[in-house]
Amino acid sequence: MTKSPFENLRVIDSTYVFAMPYAGGILGDLGAEVIKVEGPGHLDIVRGGQFSGGFPENDPGTDYWNRSASFNLLNRNKKSLTLDLSKEECREYLKELISISDVMMENYTPRVMRRWGLDYENIKKIKPDIILISNTGYGHGDGPFSAYPAQATTQEATHGHCYITGYDNDIPSKAGASYVDFLACWSGLFAVASALRYRNRTGKGQWIDIGMYQLGVMGTAEYIMDWQSNSNKSGRFGNRHPWRTPQGTYPCKGIDQWVVLSIGEDSQWNDFCEIMGKPNLSSDDKYATLLSRRANHDELDDIIAKWTVQLNKYEIMELLQSKNIPAGPVFDSADCNLNPHYKETGFIERVEYPESRNMGTRKIMGRPWRGSKLDARIRRPIEPLGSSNSEILKDLIGMSDKDFEDFKSQGFIAEQPTTIQNVSPVPLEEQVNLGRLAYFDPDYKTKLGI
Amino acid sequence: MATTALDNIRVLDISDGISGAYCTKYLADYGADVIKIEEPNTGNTTRHMGPFFHDEPHREKSLLYFYLNCNKRSVTLDISKNTGKKIFLELLVEMDVLVENFQPGYLEQIGLTYEELKQKFPNLIILSLSSFGQTGPRSSHFGNDLIYYAMSGIMHISGAYGRSPLKHGHPQSYYMAGMTAAYTVTAALFSRLTNNSGQQIDVSLQEVSTSHHYNGPTRYSYTGAVESRATKIEGSSFKGVKFEGIVKSKDGYIGASSQQGRQRPLFSTYAEMLDIPELSDEKFSTNTGRIENAQELDEILLPILEQWNKYDYFDKTMSEGWVTGVVQTPEDLLNCPQLKNREYFIEVEHPIIGKITIPGEIFRLPNCPWKFTRTAPLLGQHNTEIYCQELNYNKDDVIILRQGGII
Amino acid sequence: MIAPGALDDIKVLDISQGIAGPFAAKILADFGADVIKVEPLTGDFGRTMAPFHKDDPDIEKSLFFLLLNLNKRGITLNLETSTGQKIFKELVAQCDVVVESFEPGYLNSIGLGYEELEKINPQIVLTSITWFGQTGPYSNYKGEEIVAYAMSGIMSISGTADREPLKHGGFQSQYESGINGALSTAFTLLMRDFTEEGQHVDVSIQEVVNSTLVVNQPFYSWTGAVQGRRRSEGAGFGNVMPCADGYFISQPGGGATWDDIVKFYGNEALHEEKFANAEQRVQNGVEFDGILTEATKDRKMHEMFKSASEDYRMLFGIVQTPEDLANCPQLEARNFYQDVDHPVIGKIKVPFRLFNMSETPSQYRIPSPTLGQHNVEVYTETLNYTKEDLVKLRELEII
């Protein structure tokens, strides 16, 4: 007996990199059957290279393409199907699969999908109630940028975030990780859920057309409004706040240890001065009111830093939070992984890999939300490349054994990349020495309990 | 623009409620520059009291607030925070008068004292309105109109004998206190002309109400007698007779009476005017007689009075020298020919409410007349104007103060 | 309404304040839900957020509030009073979703927690968006944008290694969490269609931001490695560099060969071995930066963007300003902006369209509400109060 509307949902995930694959993985968490489709000569780049996030114990093993940490996070739960979609014969089988699926996800350029006859108008003919999600840099249509190459890093400038991010009195800056991909992922999930409900009510599918550019622009909306109404051009102010003062990032005891704090109310300022052991500071004319603190923010930062540098970052958090002052340590990825708070919320899940995969037990982020009656969890790791080729093409769609072998010999379907790269990651201690990593924790497995 | 009485006087009104607002209305109406300080997001409580324009409760549509606050400007400020307190003190620098009705003890709680204010601003007149005064065992108690009225002694003698004491309609104690406060402020301003110093005026709402009850306490202190409410209808006081009270007319109520000025002419004269011969009977000719025969008097007279239209009765009797009353409704007042002739009402235009008629000048001072300069302010309407032009803040400061909840 | 709304069968009570919750509720409204914003008598504190229209910090003129609260009707209700709580429950009985952002435990303390709401309406979906979620040792810690940023891991890798960690400008963690609030609500509604039961949805802003660290986070748990911030020299590809009238970012890849890239910058030195791969470009960063900076010092942003993208198929970005974005032809082509006529602010253009849906597109219906604007409408039509009742309720400070 079906327990959820996701159990009978079939999703074709013909997408690459971060945004849509992550959405597919989360649909899998809810129980949908998600089939990742890749061409053997054109695998998802997250399987190897700079976006891979490392291999288990930094060991690429004999099948590195199945072992990338980021790839396993983004694509969990999925079945893996290989098909070279640049070949018409392969597209015909994809169309068969579309005809028995509910959702199709793609992030090819508009030109390519039209050329392949896989744009919405065409696949609607195959399955009238199909829900298609397309994700591109600028969205479909005839806007001047729509055919431009796009990627989250360069787009972060174009969609306005660099203008508003940066140290005080310094040039614009990027954030340290890609951003707009995730806005696209989440927008896609919202859209799919809404489209499925609409389809259940009316029988109609639809086309979801996401352009990452405008999602990023939304995050600077208030600045655009300010420009429009007030001709205000101001942009960056480091770690400060439009009005809360003091706010900033302050050094703590240890190497590269930091805490952030943010003080708004005058009463919070008074409490903070008590905590710092400087009660007289609270009534000092230079800092007693909101406006005077703003005028003397630089001096304040110095005073605060002299205090914070003596203490551990967690200690500072506890002291300030005990007085209801927003404050918290700057977590690095070790802190995040070991965060005691996540133990209770269950944000990071434990995923057991079969012995044959030689990947041990891994800790993988789940979802930042939960429903009290929603069964959402990582159900299984993504299977090795091409594991479902036979099941899907032969059993489900009815491809003949002969055609199957034929496709294999032509390299249209496979269980390893057409071109196997020579992957030999630099040892981690060396990476630290080269300045590419901050540090390496040899006890990570013990600490994580894996 | 014609100069008027208080043209050069600057008033900061941080009171909330009716009495302070009514006090500063008098000052504003006669030329004082009154700046209200209101709570940042909801403003004065009077903004949330009916009646409302079109019965729509909204902070800019209270007709009570509107009436009380024409001619004033409004800023928002939270003085309980350090930053707000500092700005409050900056505002006081240029002020002649501060009107407040904080609960006694509140200023100390937020780190200000009257001593500090007097020391910093020796010329400032501080008008402190409170329920029971700044001192005494009840000074920290809370009060309201019902309580002031009850504790003034007037409630005890209002209403009918045998029934519970009756409160006056409309919260009059607030208005009495506001009016009283207004003249104490002008007295203090006058005093300042010669002795060059401000002072703190302590006005207790209960005392103001009590002071309007001149009769009862005096009588008790001289004779020990305690007045009570009107006696029963069948009783022995002249107040017991229904006639001489408020009686029904055809289209409302009148205050029928057989008095002319301070004299009482022969009752038969009254009966003749109304053409009721039975009432010329001997037994009705004296006060005692009318009381003893009250029931019969009422049975004859009242049904006849009920046939009269109220204004017909009023106009006829008044023009023949009798002292009668007519119970006028708000609609009657708006149409009153006497008030119209005296140009009592004025029509003004408010940005949200639109055109509206309100009472204007209520007494005439031809050399320093009543002045209308602006309708009641929108909440915080003058924040930017006052903080940037009169204090030294700039636009960005004002925006930060708003974000920080200070204004 | 020209087209149907994907969520036009859904009624939402939005009792959230600030950025994340209101943004989530707005997304539901944009796609057809009937959203009633329920504010305390003092108004959503979001009304105090800059920027303000014409820099006038009036309670009705926050432009930030405007863009986060389009398409909602607005009522006031004092949930701290038992009468207010009773009225709220009357509304809940008729609604499908409640969106809130109070500190965990607050709704329980006023008798409006999920268990209570479920009794009134077993199908209700309560979506709670908070800094750290409903459970765990930090759940009642005070949050702020910078704290969410710090405790999610992203700050430790943002900025340069020689300086303090750097947060993203604006309020990204809260925009992100708004979208997560909307998506988790949508999935829960899908579930509810199936089971006819509501539930409590718990969104944590800290986790939302952390979940974007899809490279950084697993790096530690799979290998023990911890990344740091980049070096300040050797910005090279992938970081901001100056040009004549602004700044740009450039990357290898896209549809460009290395030859294309060298031609774009017009300096053959880029063919040298020492710039052949990413690692070497970082090692020789100062020199690499120098070549790029020299090549672009007289070139303008928009011209380079067009040329790099169209002629050379490069991955290229320019640091656009709010003014550039307000005038962007691509955004116009995608109908990103919406003309709004607000009762106090007047006519204004607002960022609106997040993405397209062919059958059930997002649609603009009404501007953000003035405080209590729809009190009379909602209380007399949806519930059974009379206008006289409302005057009394206002005097009692219930509405």
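## A guided tour of chains B, C and A

Begin by selecting Arg290(B), which sits in helix α11 (residues 287–292) of chain B; helices (H or I, at least four residues) and strands (E, at least two) are DSSP runs, numbered from the N terminus. This is a predicted model, in which local features need pLDDT of at least 70, side-chain atom pairs count only at pLDDT 80 or more, and totals for chains, interfaces and linings use all residues. Residues are numbered from 1 along each chain as its sequence is written, chains are lettered from A and ligands numbered from 1 in the order in which they are written, and side-chain values use heavy atoms, with hydrogens and water left out.

Is Arg290(B) buried or exposed? Its relative accessible area is 7%, so Arg290(B) counts as buried; buried means under 20% relative accessible area, exposed over 50%, and partly exposed in between (1.4 Å probe, protein chains only).

**Chain B as a whole**

Of the 407 residues in chain B, 50% are buried.

Next, select Asn196(B), in the loop between α7 (172–195) and β6 (199–204) of chain B. Asn196(B) is not a glycine, yet has a positive phi of about 55°. With a relative accessible area of 60%, Asn196(B) is exposed.

**From chain B to chain C**

Select chains C and B together. Here 22 residues of chain C are in contact with 21 residues of chain B, contact meaning heavy atoms within 4.5 Å. The area buried between the two chains is about 1,900 Å², and carbon and sulfur atoms give 56% of it; buried area is the accessible area (1.4 Å probe) that two parts lose on being put together, summed over both. On the chain C side, Thr48(C), Pro57(C) and Arg394(C) lose the most area to chain B, together 30% of what that side buries.

Move to Pro51(C), in the loop between β2 (34–39) and α2 (63–68) of chain C. A cis peptide bond joins Ala50(C) to Pro51(C), with omega about 5°.

Then select helix α1 (residues 20–30) of chain C: 11 of its 11 residues are buried, so this helix is largely enclosed by the rest of the structure. Just after α1(C) comes Gly32(C), with a positive phi of about 110°.

**Chain C against chain A**

Show chains C and A. In this pair, 150 residues of chain C are in contact with 165 residues of chain A. The two chains bury about 13,600 Å² between them, 63% of it on carbon and sulfur atoms. Phe187(C), Tyr220(C) and Trp222(C) supply 7% of the area that chain C buries against chain A, more than any other three residues.

**Ending in chain A**

Colour chain A by domain: domain 1 (10–218 + 346–448) and domain 2 (247–332), with bounds from an automatic or database domain assignment. Their C-alpha centres lie 42 Å apart.

Select Pro246(A), in the loop between α10 (221–230) and β7 (247–251) of chain A. Thr245(A) and Pro246(A) are joined by a cis peptide bond, with omega about 0°.

The last stop is Glu57(A), in the loop between β2 (33–38) and α2 (69–74) of chain A. Phi of Glu57(A) is positive, near 55°, and at 34% relative accessibility Glu57(A) counts as partly exposed.
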